[in-house]
Structure formats: C-alpha cells, structure tokens
Amino acid sequence: MQLRDNGLRFSPITVALHWVVAISLLAIFGLQLWIGHASSEAQQLALGRVQNLLGLILFLVSSYRFWARITSYHPLPVGTPNPIEVIISRSVAVSLALAMVLLPIAVWASRAAAGEVLQLPGGLWIPSLLPVNPTLKHVVDVLFAIGASAFLAGLALHVFGAAKNHFLLKNNTLKRMLGKHVEL
Ligand code: HEM
C-alpha cells in the first residue's frame with residue numbers, strides 16, 4: 001500500500017484521514033446543537049464527554065496529517081488550473097490541517113485555565129496542566145475566536161473550491177479525494 005502522498009496521487013491514508021476529520025468535525029458541530037437542546041444536565045455532560053473524545057481524535061489525527069502534508073509532495077492538480085489558485089488552495093488546505101491541531105489545544109487550555117477537567121467517556125480525562133488563571137483564559141478565548149473564524153472562512157473557501165471543481169469544471173478533483181484513481 002502507498003503510505004505517503006507523491007506527485008501523482010494521494011495515499012489511501014491521506015484520503016481516509018481527510019474524511020475522518022471532516023466527519024468528526026461535523027459530529028462535533030452536531031453534538032453542540034444537541035447539547036443546546038439536551039433535556040437534562042446529565043445528558044449535556046454525557047454528550048460533552050463524547051464531544052471531548054472527538055476533539056482528542058481530531059487533534060491526534062490532524063497532528064499526523066499536518067506533519068504528513070508538509071513532509072510529502074502534494075499531488076499535481078487535476079486539469080490545468082491557474083497557478084495562483086493552486087497556491088491559494090494548497091495554503092488553505094495546510095492551514096486547515098494546522099488549525100485542527102491548534103484549535104483543540106486552545107479548547108483544552110481554556111478549560112484548564114478555568115479550572116475545568118476535560119472529561120472523556122469511560123471515566124477518563126485529559127489532565128489540565130495549566131494553572132487556573134482568568135487572564136490566561138481570556139487571552140486563549142480571544143485567540144480561539146479569531147482562529148475559529150479564520151478556520152470557518154478557510155473551510156468555506158475549501159468546500160467552495162471542491163464544489164466548483166466538481167459541478168462547474170466537472171473534473172476529478174473531488175473524486176480523487178474520494179479514492180478514485182486518476183491518471184495525470
Ligand atoms: C465537505 C467537506 C470537504 C470537502 C468536500 C473537501 C474536499 C477536498 C478535496 C477535493 C481535496 C483535494 C484537493 C486537491 O486535489 O489538491 C481536499 C484536500 C484537503 N482537504 Fe478537504 N474537504 C472537506 C473538508 C475538509 C476539512 C474539514 C479539512 C480540515 C480541517 C480539510 C483539509 C484538507 C487538506 C489538508 C487537504 C490536502 C490533502 C491532505 O493532506 O489531506 N478538508 N479536500
């Protein structure tokens with residue numbers, strides 16, 4: 001099995017982890033909505049623990065992905081896109097991967113600075129190694145808000161690019177990310 005991306009194609013690991021991240025992120029947003037409508041505090045806490053677990057998975061998978069992205073070749077684009085678009089789309093993709101490493105750290109740091117322990121299902125938890133400090137929490141929260149807004153803008157651009165390639169340019173960019181073998 002091809003373990004790393006090369007100039008001609010994404011590795012199956014990249015393809016699989018890309019969609020693990022996209023689905024985990026969607027599940028985190030879905031759980032947030034569910035928590036808002038939960039009938040009891042106990043249910044909110046249980047859903048919050050699942051959300052924390054997904055955040056941890058996102059962090060671990062994205063740490064690997066970010067490293068893999070910057071240490072391997074990015075496959076050539078499908079078709080003949082404008083070089084500026086290629087540079088922008090690749091920079092956005094790398095930033096999205098980095099954001100999925102930094103944003104979960106910010107959530108953990110904010111909770112730790114507020115004196116909260118990040119609980120996981122099964123009675124597990126993530127140790128809060130930072131001191132309780134309201135000023136630190138405020139700084140981290142501001143940084144998180146800025147980072148999350150930039151992330152959402154980048155994600156919108158990324159999904160728009162994928163939709164444009166698929167529906168308007170009718171090329172195989174999205175199908176390649178879904179595992180289709182594309183000859184370049
Ligand atoms: C519905 C959601 C998404 C769609 C339709 C989508 C689509 C795509 C497509 C078509 C590519 C291949 C681009 C190319 O050929 O160069 C790609 C690559 C990439 N996408 Fe997404 N994407 C989505 C969500 C996400 C999310 C949530 C993230 C990260 C938070 C992300 C990060 C990346 C990265 C880093 C790459 C470069 C390849 C890699 O290292 O995985 N994408 N995406």
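1. A nonpolar core is taken here as a set of buried Ala, Val, Leu, Ile, Met, Phe, Trp, Tyr and Cys residues joined through side-chain atoms within 4.5 Å. Please keep in mind throughout that the model is predicted.

2. By that definition, the largest nonpolar core has 17 residues, of which Val21, Leu25, Leu47, Leu58, Met100, Leu103 and Phe151 touch the most other members. Helix H1 (12-36), helix H2 (41-71) and helix H3 (83-113) each supply at least two residues of this core, and H1 gives the most, with six residues. A second, separate core of seven residues includes Trp108, Ala109, Ile126 and Val140.

3. Beyond its neighbours within four places in sequence, Leu47 is in contact with Leu31, Trp34, Ile35 and Ala38.

4. As for the overall fold, the protein chain contains five helices and two strands, which follow one another along the sequence in the pattern α-α-α-β-β-α-α. Of the contacts with a separation of 6 or more, 64% are between residues 24 or more positions apart.

5. The UniProt record, an unreviewed entry, annotates residues 9-179 as "domain: Cytochrome b561 bacterial/Ni-hydrogenase". In the model this span is 74% helix and 2% strand, and its end C-alpha atoms lie 10 Å apart.

6. The chain carries 13 positive and 6 negative side chains, and the centres of the two sets lie 10 Å apart.

Terms used. Residues numbered from 1 in each chain as written. Predicted model: local features only at pLDDT ≥ 70, side-chain atom pairs only at ≥ 80, totals over all residues. Heavy atoms only, no water. Helix = DSSP H or I, 4+ residues; strand = E, 2+ residues; numbered from the N terminus. Contact = heavy atoms within 4.5 Å. Lys, Arg positive; Asp, Glu negative; His and termini not counted. Charge placed at Lys NZ, Arg CZ, Asp CG, Glu CD. UniProt positions renumbered as here; feature names shortened; annotations may be inferred. Buried < 20%, exposed > 50% of the residue type's maximum accessible area, 1.4 Å probe, protein only.
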